[in-house]
Amino acid sequence: MDDLNDRPDEVISALVARLQRMPASEPRARAAILARVRGRTPAPWKAAFYWLWQPSVPAAALVAVAVVALGAGYAGRALVAPRPGLVAVEPEGPALTLVANPGAPRLVATQFVVELPAAASVSLVGEFNGWDPAATPLVDPSGRGAWEASVLLPPGRHLYAYVVNGTVWTPDPRAPQVADPDFGRANSVAMVSER
Amino acid sequence: MAEIDIEVVRLAQAGDGRAFATLVDHYHARCLRFAQQMVLSAEDAEEAVQDAFVRVYDALPRFDLALRFEPWLFRILANRCRTARVRRKRHDAVVTYSDDAPEIAVGGEGEGVADEELWAVLGSLTVEQREAFLLHHVEGMGYDDMSVATGVGVSALKMRVKRATDVLRARLLEVYRG
Amino acid sequence: MLAKVAICAVLLAPVVSAQSRNTVPDLRSIPELAYEFDKAVALGIPMAPLEAKAREGFLKGATAERVHVAVRNLSAKMVEAKEALAPVQSPNEILEGAKALQQGVPSSVLRAMRRTQRTRNLEVSLGVLTELVVRKIPMQRAADEVNKMLQRGVTEGVLIAFGRGVQGDISAGLAPTVALDIRSRGVLSLPQGPAQGAALAPALRIPPP
């Protein structure tokens, strides 16, 4: 009986090949699943309990995660325990930075200057401030349209631009630009180093 | 499709929402495929899959990490599919359709059209035969894993797969001969 | 004999874009994005760059659907970068690796860099490499120069200054490969040795393997 089942003929093989095609898995359907389970978060004590029974997880991380889980409204957004290979975790809530590389780079004071005499307001946006126009407004102390701001940046390559009057996307006229294949609006490039 | 890393299951079991999201991502299409071919209704299949994952979430604390995850997952899913079929039967008793099988949606790999004969042929099997056939031939499960997924003994499962294969072959040859 | 089956093709549900242009919505209220963020951390890639990419898109007036595509693409590239750069030294390494991949640098180049620099954080090197490629320097030439410098143990500061120099020269009208030659000759003629490292802060010194 085994043989008959395990050596399907052509007809059955063709059928199986058709049946094995994967259906489309809609993001909405998966998101709906996650939305439903979010309403069923395990009690924080339960989460901590299960963490304590994972023998492979380093003790320090267990304590850290347990503290966060119990103290900070756990709701299904637990921090991922560090493992070899799992390096970067962006913390939510109370900060527990679980990065493999403990040596943080030295930040460089970087001044951005742009001449925009007609502007009523100018903001600096970039990856370093999450493209938030409210984060780094420039100032024009002389009132003559010489806008400036200083930010601390890690050394390296940084993409940025200015937002003028709250809405107008303005790359830096004095800096090299790079095309934006994602959204079609060019960004400026700054190579920041300590010298 | 490879079985998910047990580490992800372990993390999900511990309550990590993102690990659970990865589980869903990994298995959703495959569960949908099985459910569609079991209940022969896109709507019911999606509901069965959603219910199954919620059940997985609830039952995950009791899952023994020493065991394989997939047979356990499919056991839950197969149960949801059986429930969905029962609901559909009740529904059909109230509303009559001029055609046998309801609408099937097949999206997947560039195919926008369902194979009419395919679905109708699957419908000619009993639930037990279809379940065994799909688990063995489409999911590629071994009989031991199938036993976990169905709660049925190995020899009974082998008989069901054989019977299903015979019925399907006969139907398909009818179809091909026109 | 066979029952007729009604067939309908399933169209992917359109992503909701009810918010006005240029305003950044609550990212987690968009299921497709929340899903990508959750998936990212479970996969061990940094989530912050995906959020930043989403904010960038909304700020630039993109539709939610376009933002979703961009976030998904970045996520995929970060997964590829993480694999190529294993063992990864920092989250920013993954991001810079992803950006290099997006500019057409093959993952084999990333792998080779990691093989020769097992413990050095490649974040800055990858950023410089990306910039060279963006300025139309032939990819392999750019990779070769950066690798030569890494093998010599040049500091981050020197690497960035090199990248900035090439960038500036090209803006001033020099042909890309000419700018590359001049600036790399400048770097490689510098004396090697501890004197270089001592000029910069201890935090930037290459950690011992």
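**Exercise 1. Strand 4 of chain A and its partners**

Find which residue in strand 4 of chain A stands opposite Leu124(A), then work out which strands pair with strand 4 of chain A and in what sense.

Solution. The model is a predicted one.

Step 1. Leu124(A) faces Tyr162(A), a residue of strand 4 of chain A.

Step 2. Strand 2, residues 122-126 of chain A, pairs with strand 4 of chain A through five bridges, and the sense is antiparallel.

Step 3. Strand 7, residues 187-192 of chain A, is also antiparallel to strand 4 of chain A, and five bridges join them. Here Gly156(A) is set opposite Val192(A).

Step 4. Strands 4 and 5 of chain A form a hairpin with three residues between them. Asn165(A), in the turn, has a positive phi of about 55°.

**Exercise 2. Cover over strand 4 of chain A**

State how many of the residues in strand 4 of chain A are buried, and place the strand within its chain.

Solution. 

Step 1. Strand 4 of chain A spans residues 156-164, and eight of its nine residues are buried.

Step 2. For the whole of chain A, 32% of the 195 residues count as buried.

Step 3. Chain A contains five helices and seven strands. Along the sequence the pattern is α-α-α-α-α-β-β-β-β-β-β-β.

Step 4. Take the contacts in chain A between residues at least 6 apart in sequence: 51% of them join residues at least 24 apart.

**Exercise 3. A helix of chain A against a helix of chain B**

Describe how helix 3 of chain A packs with helix 2 of chain B, and sort the contact residues by class.

Solution. 

Step 1. The crossing is right-handed.

Step 2. Helix 3 of chain A contributes Ala29(A), Arg30(A), Ile33(A), Leu34(A) and Val37(A) to the contact. Helix 2 of chain B contributes Phe20(B), Ala21(B), Val24(B), Asp25(B) and His28(B).

Step 3. By class, this contact has seven nonpolar, one polar and two charged residues.

**Exercise 4. The largest nonpolar core**

Identify the residues with the most contacts inside the largest nonpolar core, and list the contacts of Leu129(C).

Solution. 

Step 1. The largest nonpolar core has 134 residues, and Ala35(B), Leu77(B) and Leu129(C) have the most contacts inside it. Helix 2 of chain B, residues 17-39, gives the most to this core: 13 residues.

Step 2. Not counting residues up to four places away in sequence, Leu129(C) touches Ala100(C), Val105(C), Ala142(C), Ala143(C) and Val146(C).

**Exercise 5. Val105(C)**

Decide whether Val105(C) is buried or exposed, and give its surroundings.

Solution. 

Step 1. Val105(C) belongs to the loop between helix 4 (91-102) and helix 5 (107-116) of chain C.

Step 2. A residue is buried if 20 or more other C-beta atoms lie within 10 Å of its own. Val105(C) has 24 other C-beta atoms within 10 Å, so Val105(C) is buried.

Step 3. Leaving aside neighbours within four places in sequence, Val105(C) is in contact with Ala100(C), Leu110(C), Leu129(C), Val133(C) and Met139(C).

Step 4. Gln140(C) is 35 residues from Val105(C) along the chain, and their C-alpha atoms are separated by 8.6 Å.

Step 5. Chain C as a whole has ten helices and one strand, and 48% of its 209 residues are buried.

Terms used
Residues numbered from 1 in each chain as written. Chains lettered and ligands numbered in written order. Predicted model: local features only at pLDDT ≥ 70, side-chain atom pairs only at ≥ 80, totals over all residues. Buried ≥ 20, exposed ≤ 12 C-beta atoms within 10 Å, placed from the backbone. Helix = DSSP H or I, 4+ residues; strand = E, 2+ residues; numbered from the N terminus. Pairing = 2+ DSSP bridges. Core = buried A, V, L, I, M, F, W, Y, C linked by C-beta atoms within 7 Å. Contact = placed C-beta atoms within 7 Å. Axes fitted to C-alpha atoms, helices over the stretch in contact; angles between N-to-C directions. Left-handed = near helix turned anticlockwise from the far one by under 90°. Nonpolar A, V, L, I, M, F, W, Y, C, P; charged D, E, K, R; others polar.
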